[in-house]
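Please keep the sequence and the coordinates at hand while reading.

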Amino acid sequence: MNALVALCHFCELHGPRTLFCTEAVHPPSPDLSSQAGVPVPGDRDRDGDREGEGLTMRANSSATQTGEMCEGCRSLPVSHPGFVSIDDETGIRFLSHQHPRQSQLFSVVRQACVRSLSCEVCPGREGPIFFGDEQHGFVFSHTFFIKDSLARGFQRWYSIVMVAMDRIYLINSWPFLLRHLKLTIQSLQSTALKVFDSEQGVFPQRAMRMNSVFSPAVLPHQRNGNAARSLTSLTQHPNLWASLHSSFSWLLKASGSRLTEKLLEGAPTEDTLVLIERQTEQEEEMSCWEGAEGGGSKHHQTESSLSHDFLCDHLNDLPGPKIRSLRHLRQVLGVADFRQLAWHVLMGNQVIWRGADPGLIQSAFTELKSLLPVGCVRSVPYSPQYEEAYKCNFLGLSPDVPIPAHVSSSEFSVLVDVTSEKSCQVSAAGDDDICTMYQFSLRSANTQPTDRGPSLLNKLEVALSNENLSVDVVSHCLLCLKEEWMNKVKVLFKFSKVDGRGREDTQKVLALLGATGPGEEDNVRLLKYWMTGLSKTYKSHLMTAVRGGERSPSQ
């Protein structure tokens, strides 16, 4: 993250001043460093950096040249080398001194300092605020007070600012920055408060000031000439600046690594939209639960981890052999039983697996889920009792769970019983021995033939039966088939549900989509079932577009 952090102070004698600044210097690119004799910016030795920092500060600070820097305006002397930390993973160096090394950065930080302590003030004067522009950068600022027994009002005004050119990145980092800057500020305030209480106990200033004659001209002299005390003096912290360097360096490193950019080719898929919606719902439920419980840490889950949990159901934590791919499942069940099972999955019927090995059942569900859009999947991986079809279309059961009669006689369900051979020990067998370890019995009351359609299943079986295609190629083939049919689902949904066209027009659309002909009934049934998996975002977008189109002629 291209940003820097600075600690600023409002001096009673000289106004806003920058006390301490930490910036990140990225390593040079290999092509530049390989050219002999060509200096690379930021690739100087440490002595050069120190000299550059001193020159920059002297060149840009008139106060330094004229000696108009009091004790409260100064953190490190010009001759001080500053602090350097190196990130071994990335090679980035974090440099800290009173002022930035470059004159352009000096001007940007100076302006951020002045605005954070003068015109840009939040209600109550303490707290976070955001300001900035494209020319001078954007600033996240947190102002606060430090107790001082010799200061006007017994407190001094400070701020910590983070300056960056990326406005969106800085705004998205607001909760993270606020949480960690508060920790640094609270540490400074609590340390200074102890010093303040100790000084007040020895020599109480409040009573002395109330009993003395007030004169602004002699106010500094009334305080023994200590009108401007350093932050080190206020906190009595001997390693204050080294500690702030560590804190600011970690903040820059963490801010740069917590958010990453991803390049997306085209619009997000329906599966991605559904995963995002589910993640949002989980976070809202978690927030409500935390509010009811009176607080707690919020759990953040990325889209990739959410997708992994959706597909795998913590599969790696379960022992025993597992189904590795759709081709492996086809080999285990046999061609006929696999086609029948895949047909039930694509039609939206309830798929029930009953057996004593949860890992095997969940691995089979993982592969079968890949046949459907994410929005069509409702899974109960392993349950001690039967769950109705409206709750889940994938249900794993322990071997002693009975199946209700209305389910056994229904054509909208299929049962796979997995029984183990007594002569085989499950723990000692590998994945290749699944066929010898288990017996698979598939039962369904459905009498409709499954050999004609749907078209997606026919194309998938061609790919699975082609041994020249690897498992990864078959997976990509299935992904393309799903996207093709999801596009057909969107067209049919827009035409039939949103526009409200009749049966005759819908039939024409199905013909254009290639869903008629052999297996037409299965194709139509698949399209209607997959409509239930469309994301709320897409449906809302369609309805909004339709309303906008209805209004446009009258405008």
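How many nonpolar, polar and charged residues does the lining of the largest cavity have? By class, that lining has four nonpolar, four polar and two charged residues. Here Ala, Val, Leu, Ile, Met, Phe, Trp, Tyr, Cys and Pro count as nonpolar, Asp, Glu, Lys and Arg count as charged, and the others, Gly among them, count as polar.

## Basis of the report

The model is a predicted one, in which local features need pLDDT of at least 70 and side-chain atom pairs count only at pLDDT 80 or more, while totals for chains, interfaces and linings use all residues. Residues are numbered from 1 along each chain as its sequence is written, and side-chain values use heavy atoms, with hydrogens and water left out.

Helices (H or I, at least four residues) and strands (E, at least two) are DSSP runs, numbered from the N terminus. A residue is called buried under 20% relative accessible area, exposed over 50%, and partly exposed in between (1.4 Å probe, protein chains only).

## The largest cavity

A search of the whole structure finds two cavities of 30 Å³ or more. A cavity is a set of points, on a 1 Å grid over the protein atoms alone, where a 1.4 Å probe fits but cannot get out; lining residues have an atom within 4 Å of a point. Grid points are joined across faces, edges and corners, and a volume is the space filled by probe spheres set on the points.

The largest cavity holds about 50 Å³ of space. Its lining consists of Val108, Gln111, Ala112, Arg115, Phe131, Gly132, Asp133, His136, Gly137 and Val139. Two or more of these residues come from each of α4, β5 (127-133) and β6 (137-147). The element that gives the most is α4, with four residues.

## Helix α4

Helix α4 spans residues 103-117. Its 15 residues reach 21 Å from the first C-alpha to the last, close to the 21 Å expected at 1.5 Å a residue; the expected span is 1.5 Å times one less than the number of residues.

The buried residues of α4 are Phe106, Val108, Val109, Ala112, Cys113, Ser116 and Leu117. Seen down the helix axis, they fall within an arc of 165 degrees, so they line one face of α4. The arc is that of the directions from the helix axis to the C-beta atoms. Val108 and Ala112 are among the buried residues of α4, and both also line the largest cavity.

Helix α13 (residues 326-333) is largely enclosed by the rest of the structure, because seven of its eight residues are buried. These are Leu326, Arg327, His328, Leu329, Arg330, Val332 and Leu333. After α13 comes Gly334, with a positive phi near 100 degrees. Leu326 lies 8.4 Å from Ala364, C-alpha to C-alpha, although the two are 38 residues apart in sequence. Ala364 belongs to helix α15 (residues 358-369) and is buried, at a relative accessible area of 0%.

Helix α14 (residues 335-347) has 13 residues and reaches 18 Å between its first and last C-alpha, close to the 18 Å expected. Its buried residues include Phe338, Trp343 and Met347. Gly348 follows α14 and has a positive phi, near 90 degrees.

## Contacts across the sequence

Glu270, in helix α11 (residues 270-293), is buried at 4% relative accessible area. Its C-alpha is 8.1 Å from that of Met486, 216 residues away in sequence. Gly453 sits in the loop between β12 (438-443) and α18 (455-465) and is buried at 1%. Gly453 and Glu521 are 68 residues apart in sequence, with 8.1 Å between their C-alpha atoms.

Leu479 is placed in helix α19 (residues 471-498) and is partly exposed, at 46% relative accessibility. A distance of 9.8 Å separates the C-alpha atoms of Leu479 and Leu372, which are 107 residues apart along the chain.

## A loop residue and the cysteines

Gln236 has a positive phi of about 55 degrees although it is not a glycine. The residue lies in the loop between α9 (231-235) and α10 (240-258), and Gln236 is exposed, at 54%.

The count of disulfides (pairs of cysteine sulfur atoms within 2.5 Å) comes to zero. Cys11 is buried at 1% relative accessibility, whereas Cys119 is exposed at 54%.

Terms used
1 Å grid on protein atoms, 1.4 Å probe; cavity = no way out; pocket = protein on both sides within 12 Å on 5 of 7 lines; lining within 4 Å.
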